[in-house]
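Good morning, everyone, and thank you for making time for this. I would like to walk through one structure, going from the chain as a whole to a few single residues.

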Amino acid sequence: MSDWVEVGKREEIPVLGSRIVRRKEGDIALFRTEKDEVYALDNKCPHEGGPLSEGIVHGCRITCPLHNWVMELDTGKAVAPDEGQAKTYRVKVENGIISVEL
Ligand code: FES
C-alpha cells in the first residue's frame with residue numbers, strides 16, 4: 001500500500017536545483033526543472049551511488065556529480081550508452097505543496 005506524503009513547497013527548491021527528503025529507508029532527491037516540474041528520485045546514482053541531489057539539472061535530466069552519468073528525471077533511466085535506473089516516485093504539486101507517493 002502506498003501513501004501520498006507532503007514533503008514541502010515547490011518554492012523551497014531553486015529552479016534547476018534540488019532538495020533532499022531524509023528517510024531512514026534512504027534519502028529522496030526532489031528536483032525542479034526550469035519549467036517548474038518537480039521530480040523525485042532516490043538520492044543514489046544507479047552507477048556507484050553518487051548523490052544525485054548534488055548533480056546538475058538540465059532539461060528533464062540530471063547529471064551525476066561523480067562520473068557524469070545522465071539520468072532521465074521522469075523514469076530514472078540512465079541515458080545510453082550507460083545502463084541503469086534510479087528509483088523514481090510519483091509526485092504531485094497542489095497549491096505549491098509537493099506530495100510524493102511512498
Ligand atoms: S556514481 Fe553517478 S556516475 Fe558514477
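**The chain as a whole**

In the protein chain, 40% of the contacts with a separation of 6 or more are between residues 24 or more positions apart, where two residues are in contact if their C-beta atoms, placed from the backbone, lie within 7 Å. Please keep in mind that this is a predicted model, in which local features need pLDDT of at least 70 and side-chain atom pairs count only at pLDDT 80 or more, while totals for chains, interfaces and linings use all residues. Residues are numbered from 1 along each chain as its sequence is written.

The secondary structure of the protein chain consists of ten strands and zero helices; here helices (H or I, at least four residues) and strands (E, at least two) are DSSP runs, numbered from the N terminus. The radius of gyration, taken over C-alpha atoms, is 13 Å for the protein chain, close to the 13 Å that the globule rule gives for 102 residues, so the chain is as compact as a globular protein of that length. That rule is 2.2 Å times the number of residues to the power 0.38. Along its principal axes, the C-alpha trace spans about 40 × 30 × 20 Å.

**The sheet and the core**

Let me turn to an open sheet of four strands, with the order β2-β3-β4-β8 and antiparallel pairing, where two strands pair if DSSP finds at least two bridges between them. Strands β2 (18-21) and β8 (88-89) stand at the edges with a single partner strand each, so one side of each is left without a neighbour in the sheet.

Between β2 and β3, which run antiparallel, there are four bridges, and S18 has F31 in β3 as its bridge partner. These two strands form a hairpin with six residues between them, and G26 in the turn has a positive phi of about 130°.

Which residues touch the most other members of the largest nonpolar core? They are L30, F31 and A40, out of 22 residues in that core. A nonpolar core is a set of buried Ala, Val, Leu, Ile, Met, Phe, Trp, Tyr and Cys residues joined through C-beta atoms within 7 Å, and a residue is buried if 20 or more other C-beta atoms lie within 10 Å of its own, exposed if 12 or fewer, and partly exposed in between. Strands β3 (28-32), β4 and β10 (97-101) each supply at least two residues of this core. Leaving aside neighbours within four places in sequence, A40 is in contact with I28, L30, T88, Y89, V91 and V100.

**Some details in the loops**

Most residues other than glycine have a negative phi, and most peptide bonds are trans. D36, in the loop between β3 and β4, is not a glycine and yet has a positive phi of about 70°; D36 is exposed, with 11 other C-beta atoms within 10 Å. N95 lies in the loop between β9 (91-94) and β10, has a positive phi of about 55° although it is not a glycine, and counts as exposed with 6 C-beta neighbours inside 10 Å.

Finally, a cis peptide bond with omega of about 10° joins A80 and P81, and P81 is found in the loop between β7 (70-72) and β8.
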